[in-house]
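Here's a quick tour of the structure you're about to see. Have a look at the chains first, then read on.

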Amino acid sequence: MLSMKNISKVFKTDLVETHALRDFNLEVEEGEFVAVTGPSGSGKTTFLNIAGLLEGFTSGEFSLDGVNVSNLNDNLSAKVRNEKIGFIFQGFNLIPDLNLAENVEVPLRYRGFNRAERQRRVESALEQVGLAARMKHLPTQLSGGQQQRVAIARALAGEPRFLLADEPTGNLDSLMARQVMELLENINQTGTTIIMVTHDAELARRAQRNIQIVDGQVCDFSMYQKADQSLVSDLTQAAGLQKAASSDC
Amino acid sequence: MFLYYCDLAWRSIKKTPMLSMLMVLAISIGIGITITTLNVYKTMSYNPAGERSDNINSIQLWSQGLDTWDDFQSNITYTDVINLRNNNELGLKAATFRTGLAMQSDDPNIDPILESVRVTDSDFFSIFDVPFLYGNAWDKTVDSQPAYQVVIGEKLNQTFFDGQNSVGKTIYLNRKPYQIVGVIKEWNPQPKYYDPLNGAFNDAEEIFIPFLLAEQEEFDVWGNTSGWKFEPMLTYQDRLNSEKTWLQFWTFLENEDQKSQLESWLSRYVEQQRNFGRFTDTAKTPAESFQISNIELWLENNDVVPEDNKVLVGLSVLFLSVCLVNILGLLLTKFLKRAPEVGVRRAIGASRAQIFSQYMVEVGIIGFIGGIVGLLWAWGALSMLHAEFNMKESVTGLDASMWIITPLIAISTAIIAGIYPAWVVCRTKPSVYLKAQ
Amino acid sequence: MLHIKPILSSLMRSKSGPVLLLLQIILSVAIVANASFIIHERLTMMQRESGLIEEQILSFNVYNFDPAIDNVQQNVIDQQILRGLPNVIAASSTNMMPLSGSGWMDRYVDGPDQDTAESTPGFALYLGNEHLLETMGAKLVEGRNFRPEEINTQLDQNGMVAMVSQPLATAFWGDESPIGKTMYQGKQTIEIIGVIDKLQGAWVNHSNFEYSVIQNIDFGGGFKNKTYIVRALPEHIPALEETIVKAFLAENPNRVVDGFSSLIDMKKETYNNHRLMATLLSMMVILLLLITALGLTGMVMFNIQRRTKQIGTRRALGAKKRDIVNYFMVENYLICIAGGIIGGLLSLQLGQQLMSLYSLPMLPISYPIAAIVGLLVVTTLAVIVPAMKAAKISPAMATRSV
């Protein structure tokens, strides 16, 4: 489904070169629910941006759904994002001027669906997240959990094969976080591949597979996971300190 | 998709009403001023001769002495006009000047009026394509055997003859009876291209009489008489014999051949006149001593469009560019503020081109509204010019072309102003704005 | 204390915003300087005095189309009628009206030999009788007026005398008095007998506008078309038109009496284009300043919004309200001064272009400078309001993660 081979991403400024990802390798199978954890600055966001075709990378090979997407132009990558990928963000990122239905409709507009098709999909997506009755509300009239569910509906409306979630519960209290997580699990049940970046170790544990990114590289801890949780957090802290130190210079 | 963009644009415009109003205000004022000056310029620089512009030619002669006038005079002398009239190589030709006469009819109830009168030849009507309502120009023989015949305008016909066919009736000019041979159908070219020398936007005369009558009737000259040397002018004959310039001469040239034929005739003419002691400025060769001006050149040489107007057009274009820069800044401000939203749209699958289009549609709508408001400003300003400064309606009336030019300028101004901000905003990296706000 | 350097370097880093502002100021200075110069030039033109008592002057035309009329005789009768009318202070025939846009232009030479004689500059040639000076209300500074017995009726008669305007006298004779000098037109001689303080000609745009001569010819003789000039108190002028037409037509109906115009109206009409230009340009300058100010306010407001957190942080670090206001003001002045200097140079260049293309005089340096000062004032007003608002931002903003 998703395959990254030796991906590197280097940010250059006049003074320093920062390796956000180095020789990053990852394979995700169809239907998997993968949780990605790692300290801040480890390269999680860069990984997510590359996986979501929001950013290019310096070297390596990336294929999605069996198609090489390493060097797509803007139009094609926009098309892939639109058709195959759904995004869920920590800050929900709903467009405040648009009501719920219109927010969910946005990707369908760019997809070029006709009116009837758009309406059908918007209704079913909102149905799925339990907010069909509030279609005409503006995002600001909703609670955080509800907003995130709208964002999920928006991601689902395009019926993507592949869902990218960036700290989807980061701005939510624990009750709402659990609801959202359950929703994601349901979606995963229907066959949608999900990659979720999170800080929350508890949430991460609920995923089928855990990946830790440290210093721009994958440490697949799935084998350690059950064995020694404390080792993981030690490593995490160490990496965090190391990163903090390196960003100082 | 376009309608979707329009919908988004309209929401965005409504969301920041002050900023949107400011932009519409800026663009509309810029447009208003530009269209006002452009309208006046366009109507003033209009060439009423249309495709006949190259065919209708007036002749200027360098008959002045050495070190006198620096330019060709628009008018020429009576001697030269008579000689040109006798040039049989020319097809259509007409001498002309303006006079004024008191007009009366057989109707004693109408007070005499002092009317501006054109003294000219029968070909004048063909050269300038003057339309007739009744009758026709006087016969060609009248150009050599003067007769008291007259062509009047529709308006005058209305006043004195209730708009009836008055051909064959008599009017009195300075108490002399003239027989009406033709009535001109509403004809008032603006600018008055056949004689812009006494007010380029004055109305056309309503009375036309045969040229050769001037010698017998000694019509006053209502126009410029210029001399470059001292010549006493005590009698009308003095005027006719003098080197003073006060007449125009027109001819219709079918093609380049006829033009070069006229050129060689004029060269020979100047040479011949030099033998008679005229055309004394020997610094000019005979070939340099005449000028054949088509209508375009003629209008330009007679400064039909005042310099002020050109300065105004230039300054208003600069003004518009200030408005443009102003809007550019405001748009940049506004669009950058919306960068997070663009980030979301990009992540969801909008291509750069789609984002760019979305913002250009918004800019276009602002431009369009600005154009409409600007047209209103221009209309107001032109009405003001008409009312306060007695400017002719023919100049202050909104030219039909402005309905196309205005939105065109407005939208292109907005688009030029919008390209950079829209480009900047569509280039922003979506990932930057997607992290927690 | 002004910290110019950090402001400058922050300006250099954020490119487009300040560049746009700079561009706008450059263009504004160029336009405002040239426009206000033209406005001033036109206003000065319109303020020139004609030398006549403008508000008391009325003129009109008489066209005698009856061939039986003896024009010389009629002219004398008509003037007697005019002078006999109630409320008429004085009246005279004339060949032209000052400021009217149509008239006679001529020159004299100072010797009988055409080839060696020196020519005066071209001047407006007024023909009138002994009443003309009083009717106009023009003042003699030297010499005398025509005597009644000196008045001619034809252009070719002998015994021509003339009064010249002071500017013409100075231009041709310098400090020397022209009184008693003999001038020539062909064989004809003209003796200068008086100098008039001020008398303008017909064409307001002509460079010899102030050069005028009145010659002793009662211009009615021989011509069908005559102009009369009448002096009366302003309150009597409106009613005079009807009185005059009635009196003239009663005397002889075979004529057209029209073209009534007060000198005030004539002046207004003749300066119409200049008034128009001055009005349009003033409108342009005002609107330009308005748009620049509004645009500037909008941009500064946006800048402040964008920098809310930064301003809060500065406040938290101990910046006084005044420091915040100063920051924005200094930023604005830096852009203004840079734009002003470039704009000033551009306006001089533009002035040069206008001068070479059109008959505009050279743009004096004071105009760009005034325009820059004006823009500084306007931008100060435009920036101070949002800057004050910025200064009110609470230091607590620094800790808020918005």
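This is a predicted model: local features need pLDDT of at least 70, side-chain atom pairs count only at pLDDT 80 or more; totals for chains, interfaces and linings use all residues.

**Around B:Ile209**
- You'll find B:Ile209 in strand E8 of chain B, which covers residues 207-210.
- Is B:Ile209 buried or exposed? It counts as buried because it has 28 C-beta neighbours inside 10 Å, and 20 or more is enough for that label.
- B:Ala137 sits 72 residues away from B:Ile209 in sequence, yet their C-alpha atoms are 9.7 Å apart in space.

**Where chain B touches chain C**
- Chain B puts 37 residues into this contact, and chain C puts in 42 residues.
- On chain B's side, the elements giving two or more residues are helix H2 (17-44), strand E3 (113-120) and helix H10 (307-337).
- Which of them gives the most? That's H10(B), with 18 residues.
- Sort chain B's side by residue type and you get 26 nonpolar, six polar and five charged.

**Chain A at a glance**
- Chain A has nine helices and 10 strands.
- Of the 249 residues in chain A, 44% are buried.
- Take the contacts in chain A between residues at least 6 apart in sequence: 71% of them join residues at least 24 apart.

Notes. Residues are numbered from 1 along each chain as its sequence is written. Chains are lettered from A and ligands numbered from 1 in the order in which they are written. Two residues are in contact if their C-beta atoms, placed from the backbone, lie within 7 Å. Helices (H or I, at least four residues) and strands (E, at least two) are DSSP runs, numbered from the N terminus. Ala, Val, Leu, Ile, Met, Phe, Trp, Tyr, Cys and Pro count as nonpolar, Asp, Glu, Lys and Arg as charged, and the others, Gly among them, as polar. A residue is buried if 20 or more other C-beta atoms lie within 10 Å of its own, exposed if 12 or fewer, and partly exposed in between; C-beta atoms are placed from the backbone.
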